[in-house]
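Look over the structure below before reading on.

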Amino acid sequence: MEIIAAKYIISSPSYDKCPKPDKPEYAFLGRSNVGKSSLINMLCNIHKLAKTSSTPGKTQLINHFEIISDDKQRWYLVDLPGYGFAKVSYKDRRSWEKMIQDYIRKRENLVTIFLLIDSRLSPQKSDIDFVNQLAEWKSPFALVFTKSDKITQRDSARNVNAFLNQLKETWEELPDHFVTSTVKKLGRKEILNYIKELNMLVKNNTAK
Ligand code: GDP
């Protein structure tokens, strides 16, 4: 699948202010600086669609982009504000948690969340905790291990496996996962095809 057009629509402070839920929606989430904006720009092939490296914690908004892909589908790509940053206050952190929790649990057209994890790091507690939270909410998600070009393939594979092994301690079924690099354009085709297949599933389900 290729993206033909990507257009910024709106930034919303809460799930109930988001655009009408009339298209399948895919949200990207991760700790600040994990490479979320770079990944979104790589997927859409537009250099400055999502802003890279905005001040951690400053953008607490749900950003919607409308995508048209070459299979004639229209869908929403959502850039969610990052988590796990040290500089924000307790109050800001709580409001972030509430916004994200409401969005994830109540946004009815949300098909899947892509949770981004830095492939350079060994499993981080905040990431594992968040995965467990998503699983408890029964919210479909896939993992995206970013910046894989910054270390050797062997080291990134070790970190990915360590992360999945930790999840295995709690969960029987492991989530789908992707390894990406925006520098080497790795993982782009895989993620876009994954979205394409989910779009087809959604279409078939709503047609019934
Ligand atoms: P965000 O805060 O999660 O949106 O992160 P950004 O997309 O702004 O990326 C943070 C920094 O990591 C920037 O300097 C990017 O250029 C860099 N970066 C992001 N993805 C990659 C990648 O796949 N490879 C490399 N080498 N650098 C990356």
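The sections below describe selected parts of the model.

## Basis

This is a predicted model, in which local features need pLDDT of at least 70 and side-chain atom pairs count only at pLDDT 80 or more, while totals for chains, interfaces and linings use all residues. Residues are numbered from 1 along each chain as its sequence is written, and side-chain values use heavy atoms, without hydrogens or water.

## Nonpolar cores

A nonpolar core is a set of buried Ala, Val, Leu, Ile, Met, Phe, Trp, Tyr and Cys residues joined through side-chain atoms within 4.5 Å. Buried means under 20% relative accessible area, exposed over 50%, and partly exposed in between (1.4 Å probe, protein chains only). The largest core has 29 residues, and those touching the most other members are Leu 29, Tyr 103, Ile 104, Leu 115, Phe 130 and Leu 143. Elements giving it two or more residues include strand E2 (25-30), helix H2 (90-106) and strand E5 (110-118). Helices (H or I, at least four residues) and strands (E, at least two) are DSSP runs, numbered from the N terminus.

Another core, of 28 residues, lies apart from this one; Met 1, Val 34, Val 144 and Tyr 194 are among its members.

## Ser 148

Ser 148 sits in the loop between E6 and H4. It counts as buried because its relative accessibility is 8%. Beyond four places in sequence, its contacts (heavy atoms within 4.5 Å) include Ser 119, Ser 156 and Val 179.

## Cysteines

There are zero disulfides in the structure; a disulfide is a pair of cysteine sulfur atoms within 2.5 Å. The sulfur of Cys 18 has its closest cysteine sulfur in Cys 44, 17 Å away, which is too far for a bond. Cys 18 is buried at 10% relative accessibility, and Cys 44 is buried at 4%.
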